[in-house]
Amino acid sequence: MCSEEAMEARGLRCPRQRQVLFLFLFWRVSLAGSGFGQYSVTEETERGSFVVNLAKDLGLGDQELVARGARVVFDDNKQHLLLDSHTGDLLTNEILDREKLCGSTDPCILYFQILMDNPFQIYRAELRIRDINDHSPVFQDKETVLKIVENTAEGTTFRLERAQDSDGGLNGIQNYTINPNSFFHIKISDSDEDMLYPELVLDKALDREKQQELSLTLTALDGGSPPRSGTSTIRIVVVDVNDNAPQFSQAIYQIQAPENSLIGSIIAKVSAGDVDSGVYADISYSFFDASEDIRKTFQINPFSGEIILRVLLDYELVKSYKINIQAVDGGGLSARCTVLVQVLDTNDNPPELIMSSLSKHVPENSPEMILAVFRIKDRDSGENGKMICYIQDNLPFLLRPSEDNFYILMTEGELDRESQAEYNITITVTDLGTPRLKIQHNITVLVSDVNDNAPAFTQTSYTLFIQENNSPALHFGSVSATDRDAGANAQVTYSLLPPQDPNLPLDSLVSINADNGHLFALRALDFEALQAFEFRVGATDRGAPALSSQALVRVQVLDANDNAPFVLYPLQNGSAPCTELVPRAAEPGYLVSKVVAVDADSGQNAWLSYQLLKATEPGLFGVWAHNGEVRTARPLSERDAAKHRLLLLVRDNGEPPLSASVTLHVLLVDGFSQPYLPLPEAAAEAAPADPLTVYLVIALASVSSLFLFSVLAFIAVRLCRRSRAGWGGGVSVPEGHFPGHLVDVTGTGTLSQSYQYEVCLTGGSGTSEFKFLKPILPSMGP
């Protein structure tokens with residue numbers, strides 16, 4: 001958890017789990033062992049020079065560096081080395097200059113990390129830059145004037161300014177020499193900073209009257225092979241006796257200067273006094289043995305001893321300065337002091353975020369996956385350099401710390417692109433300085449699609465309607481399916497699935513557009529042959545593997561009024577017309593006949609109505625519109641003609657209505673004993689026939705005539721024997737049970753009652769009677 005003391009001291013609340021303080025590591029990723037790789041290269045080598053075979057050094061396979069995405073990250077975020085992942089060789093990516101990279105720091109070491117994924121590992125390493133002797137010693141002043149009093153004792157030493165050499169180690173300055181003379185020799189002394197300082201030692205007393213000036217050449221030699229050198233001229237001026245040298249109030253001045261000090265501000269002031277008088281008491285101040293960096297950063301007022309800032313201080317570059325000050329009086333005597341300037345850090349550097357690897361695309365449904373590896377740093381120190389790194393809450397991502405201020409941004413679990421396809425992650429790094437400084441780094445993560453959703457139809461079943469007699473290729477409906485995936489995973493293709501009924505010729509009935517799901521009828525449909533059918537359609541996406549779904553389609557064929565009514569009775573087949581016999585004694589409403597018709601259509605297209613179009617004697621007969629019953633409309637009289645011809649119309653209720661006509665012949669008789677003779681005009685016209693047909697007809701007529709004569713004779717004999725011959729005005733109807741061979745025509749609403757017609761000859765010991773085409777009505781008496 002967070003450091004409570006550190007947080008409470010700054011009035012902070014402990015951040016949430018996503019906020020991590022780099023000083024406290026909650027979780028560490030796998031590291032490549034505990035070793036520390038140490039490699040070296042000579043400066044100024046050509047770009048692409050071999051450093052080490054990293055694959056062999058880490059014990060990895062030939063292609064493992066490629067598979068694991070190995071990469072090199074330096075602390076200064078510069079790419080000094082290049083990793084060839086295919087060969088495993090680590091090569092220089094530029095010409096390395098030790099003096100530019102490290103300055104006077106020796107040894108010159110660049111720290112870097114080798115990052116690898118799957119699993120994530122950090123391998124720490126360092127690159128040592130070996131120095132070559134490519135710089136010569138240089139004196140800041142090409143000539144130095146040294147004033148020495150003529151009565152100076154032998155053995156007195158005078159410290160000289162040292163030379164500067166950018167090289168280090170053995171290639172740095174190793175010795176100083178002076179040209180041979182009888183007055184001085186060089187003595188080399190070490191400082192507490194492991195630096196060599198030349199000192200001029202007086203071997204013989206000076207005499208101003210004999211020699212007022214003396215010129216010497218000081219040579220600085222480095223330890224390179226071959227050695228390099230630099231020279232400076234020492235001009236010695238012999239002066240008269242000056243009793244007292246200047247004296248500083250302090251030998252060492254310790255000064256603290258904030259790094260945000262303004263240019264031109266006085267950093268420190270030194271002061272020296274001289275008890276002499278006159279010109280020997282005039283003191284001037286100057287830098288002594290000062291480096292070029294000190295001379296660029298500070299300047300000294302030669303009269304007041306004030307040290308003035310010339311450029312801004314930067315604690316992150318130089319934390320302290322050691323300035324040697326020399327005070328010289330008018331007589332040439334001098335004194336020296338040291339000013340130690342300690343640069344105080346201020347929170348002037350915001351944290352830095354260095355991205356090592358970044359993946360902005362993550363496949364959905366993937367387990368924990370690394371999105372980014374980055375490092376944070378703050379060039380400040382102390383509290384100003386402590387940092388907190390976190391991301392916003394309520395995101396399915398985790399921020400985990402690793403070694404060396406590395407952090408890993410990874411998914412917390414599986415992501416669903418269909419729920420959210422894009423995430424904006426803000427990485428915030430805040431230091432703990434005053435005032436606080438922070439940076440924010442925004443990352444947009446796109447969730448790439450995986451084919452994890454099958455197409456879904458808008459309905460599980462569709463009911464479509466199509467009018468019969470449609471034109472071929474008619475578009476009669478559509479099915480639609482959507483896929484929540486994206487790209488090719490969401491492109492849906494439609495198809496017809498094999499029907500469950502093997503007898504259904506689906507391929508000849510329907511086709512589907514594979515791109516948009518439009519359904520087409522391939523041929524004209526007939527309601528009377530096929531009222532409805534169903535089939536299944538499939539929707540398949542183009543993912544890998546492809547996913548699919550099904551939906552049921554029910555097609556209802558709508559009836560069209562394409563069938564006219566068909567008359568079942570009376571028959572209209574061109575044979576002898578059907579003649580109905582009606583007794584003249586029939587009462588009004590007497591049922592003459594019933595027209596029976598059907599319509600192959602359905603619904604209102606099959607609702608039939610009947611109409612009497614034409615009659616021989618209008619007003620004598622009528623027809624019921626809804627059931628086709630033909631009845632007498634009034635009593636019959638002797639004046640009514642015996643033969644009647646009725647033209648009836650049967651009409652359906654379709655749009656437009658269709659109809660059929662039927663002709664009914666009615667014969668009025670006084671009694672049913674009269675033989676039935678077909679009406680001559682109703683007989684069909686004799687068609688020309690060949691001789692064979694004529695012979696057959698004659699033979700049939702002869703046999704029929706003989707049979708008819710026999711029947712009439714038998715009837716006459718039976719009538720003569722009757723004890724009572726009562727013909728009356730009608731035919732007696734026997735009461736009792738009727739035979740069950742009845743014709744019941746139902747359906748389509750054309751018959752509402754059952755009717756019985758019977759023709760028979762009966763014989764017995766009692767009575768005999770003849771019944772001929774007598775309609776039996778339950779509601780009517782004999």
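Asp-222 lies in strand β14, which spans residues 213-222. The structure described here is a predicted model. In this model Asp-222 is buried yet takes part in no salt bridge. The side chain of Asp-222 instead reaches backbone nitrogens: that of Arg-228 at 2.6 Å and that of Gly-224 at 3.3 Å. With residues up to four places away in sequence left out, the contacts of Asp-222 comprise Asn-133, His-135, Pro-137, Asp-165, Leu-170, Asn-171, Gly-172, Ile-173, Gln-174, Pro-227 and Arg-228.

A polar atom of the Thr-92 side chain lies 3.0 Å from the backbone oxygen of Glu-46. Glu-46 is also among the residues that Thr-92 touches, together with Val-41, Thr-45, Arg-47, Gly-48, Ser-49, Val-51, His-80 and Leu-81, again not counting residues up to four places away in sequence.

Strand β40 (residues 532-541) pairs with two strands, β37 and β41. Its pairing with β37 (residues 492-496) is antiparallel and extends over five bridges; within it, Leu-496 has Val-537 of β40 as its bridge partner. Strands β40 and β41 (residues 548-558) likewise run antiparallel, joined by nine bridges. In this pairing Glu-534 stands opposite Arg-554 of β41. The two strands β40 and β41 form a hairpin, with six residues between them.

At the level of the whole protein chain, the model contains seven helices and 52 strands. The chain has 782 residues, of which 42% count as buried. Among contacts with a separation of 6 or more, 68% are between residues 24 or more positions apart. The protein chain exposes about 41700 Å², and carbon and sulfur atoms supply 53% of this area.

Definitions and conventions. Residues are numbered from 1 along each chain as its sequence is written. This is a predicted model: local features need pLDDT of at least 70, side-chain atom pairs count only at pLDDT 80 or more; totals for chains, interfaces and linings use all residues. Side-chain values use heavy atoms; hydrogens and water are left out. Helices (H or I, at least four residues) and strands (E, at least two) are DSSP runs, numbered from the N terminus. Buried means under 20% relative accessible area, exposed over 50%, partly exposed in between (1.4 Å probe, protein chains only). Lys and Arg count as positive and Asp and Glu as negative; His and the chain ends are not counted. A salt bridge is a side-chain nitrogen of Lys or Arg within 4 Å of a carboxyl oxygen of Asp or Glu. A polar contact is a pair of N or O atoms within 3.5 Å; within protein, one must be able to donate a hydrogen and the other to accept it, and residues adjacent in sequence count only if both atoms are side-chain atoms. Contact means heavy atoms within 4.5 Å. Accessible areas come from the Shrake-Rupley method with a 1.4 Å probe; for residues, only the protein chains shown count as cover. Two strands pair if DSSP finds at least two bridges between them.
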